Number of protein chains: 2
Amino acid sequence: MTSRDPGTPRRRDAGRPRGASVVAAILTAVRAELAETGLEGLSVDRVARRAEVNKTSVYRRWPTKEALVAAAMDGLRTDFAASPDTGSLRGDLHALATPIADLLSRPEGTALARAAISSGAASDIASLAAHRMSEQVSPVFAIAERARDRGEWRDDADPHQVIFTLVGAILHRVLLEHADPTGPWLDSLVELVHRGAAAN
Amino acid sequence: MTSRDPGTPRRRDAGRPRGASVVAAILTAVRAELAETGLEGLSVDRVARRAEVNKTSVYRRWPTKEALVAAAMDGLRTDFAASPDTGSLRGDLHALATPIADLLSRPEGTALARAAISSGAASDIASLAAHRMSEQVSPVFAIAERARDRGEWRDDADPHQVIFTLVGAILHRVLLEHADPTGPWLDSLVELVHRGAAAN
DNA sequence: CCTCCATTGCAACTAGTTGTTGCAATAATA
DNA sequence: TATTATTGCAACAACTAGTTGCAATGGAGG
């Protein structure tokens with residue numbers, strides 16, 4: 001019946017550890033539900049049922065629906081910074097655009113992009129998106145620097161504007177035209193943007 | 001005490017007419033609320049209170065929240081088809097891009113664009129957006145035809161892709177960068193796209 | 001093996017939301 | 001002025017976000 005000495009600090013890693021499988025199941029369920037119903041139709045209850053987990057276990061990890069979606073987004077991130085030096089501006093642009101288009105062509109990617117755009121600037125989702133964006137930005141703009149070194153880059157072209165135009169065109173294609181942003185269409189877009197950015 | 005002859009059809013336009021001011025107040029309130037809270041946070045109750053109208057009067061006109069937002073969107077539409085023949089491709093592109101950027105730079109325009117994108121392809125909002133889009137499309141592509149006639153248009157450039165790239169870049173600027181899409185930035189974008197579409 | 005103790009499941013709860021319905025008051029128009 | 005549709009009002013059902021208290025579970029250290 002002796003109680004634990006209150007002066008002794010509790011062991012930090014005692015007790016039942018958090019099940020990583022629970023987290024994975026929930027985030028997978030979020031992405032699936034998001035693709036089916038969109039951000040507006042997303043219900044935490046349904047997410048929990050799909051993940052075969054109690055609603056309480058969801059709320060214990062993420063305080064709001066927004067935070068939950070932000071976490072799901074974070075899990076799907078892709079490393080665009082890895083785009084290689086292909087030796088030419090055209091090649092670099094293509095190598096950058098391809099994984100972006102691939103991600104956005106998948107239903108989950110489409111749904112997450114929609115969610116990122118639909119939430120206002122102040123939301124968890126938008127600030128996470130902005131943060132991820134800023135992480136990827138500097139390596140991506142190495143493309144412009146390399147092109148400048150090769151004399152391939154037009155002096156008065158703004159690298160931000162060029163890259164964001166490329167991305168914006170892909171987003172328009174996916175989110176408004178509901179069309180596939182890969183294949184010949186993407187090739188043609190890269191040519192268009194390349195002509196806009198290249199010297200001569 | 002004589003009751004109305006049941007054989008006589010009721011006068012069609014009898015009774016209290018619908019107040020046009022009620023409609024206007026509601027749609028204005030929707031746009032304001034949408035700009036403040038976004039599509040997700042939009043509450044029909046709050047819209048009604050802001051319009052100083054009973055919630056019931058809203059639901060009697062538009063059966064769902066979606067239809068309500070679609071109506072608000074419809075009321076704000078702008079006629080892009082009116083873009084004039086300026087005599088040059090560069091001028092035409094600029095004349096097209098300017099009203100689009102102006103609309104999207106206003107909070108209401110931003111909010112409505114967000115709403116149009118965030119709702120899935122099956123929604124009222126998205127189908128209205130698609131319909132409005134298709135109305136505007138053919139006059140807009142007169143720009144490409146005129147340029148072709150002048151010998152200014154690049155043979156292998158797809159008019160859809162060029163115009164949608166322009167729009168996509170503006171949307172990216174507004175919805176993801178949260179920046180102003182007008183002024184020098186827009187001028188520079190028009191130059192970029194023009195270089196991509198122009199012959200030579 | 002066995003005792004901790006954090007994690008999980010469960011059920012009940014508050015509060016806000018969408019959307020509906022019946023009824024009384026109102027206000028144009030013929 | 002009588003007609004008749006529109007509006008306001010209040011109550012309603014169903015769903016959702018998010019919270020809380022308690023019992024059951026199960027991994028990790030002893």
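**View 1. The buried residues of helix 4 of chain A and what covers them**. In this predicted model, the buried residues of helix 4 (residues 65-75) of chain A are Leu68(A), Val69(A), Ala70(A), Ala72(A) and Met73(A), where buried is said of a residue with 20 or more other C-beta atoms, placed from the backbone, within 10 Å of its own. Helices here are DSSP runs (H or I) of at least four residues, numbered from the N terminus. The cover over these buried residues includes helix 1 (20-41), helix 3 (55-61), helix 6 (107-118) and helix 7 (124-149) of chain A.

**View 2. The side of chain B that touches chain A**. Here 31 residues of chain B are in contact with 31 residues of chain A, contact being defined by C-beta atoms, placed from the backbone, that lie within 7 Å. Helix 9 of chain B gives the most to this side of chain B, with 12 residues. The residues of this side divide into 14 nonpolar, 11 polar and 6 charged; Ala, Val, Leu, Ile, Met, Phe, Trp, Tyr, Cys and Pro count as nonpolar, Asp, Glu, Lys and Arg as charged, and the others, Gly among them, as polar.

**View 3. Helix 8 of chain A against helix 10 of chain B**. Gln161(A), Val162(A) and Thr165(A) in helix 8 of chain A meet Ser188(B), Leu189(B) and Leu192(B) in helix 10 of chain B. By class, this contact has 3 nonpolar, 3 polar and no charged residues.

**Numbering and confidence.** Residues are numbered from 1 along each chain as its sequence is written, and chains are lettered from A, and ligands numbered from 1, in the order in which they are written. Local features need pLDDT of at least 70 and side-chain atom pairs count only at pLDDT 80 or more, whereas totals for chains, interfaces and linings use all residues.

Technical notes. Buried ≥ 20, exposed ≤ 12 C-beta atoms within 10 Å, placed from the backbone. Helix = DSSP H or I, 4+ residues; strand = E, 2+ residues; numbered from the N terminus. Contact = placed C-beta atoms within 7 Å.
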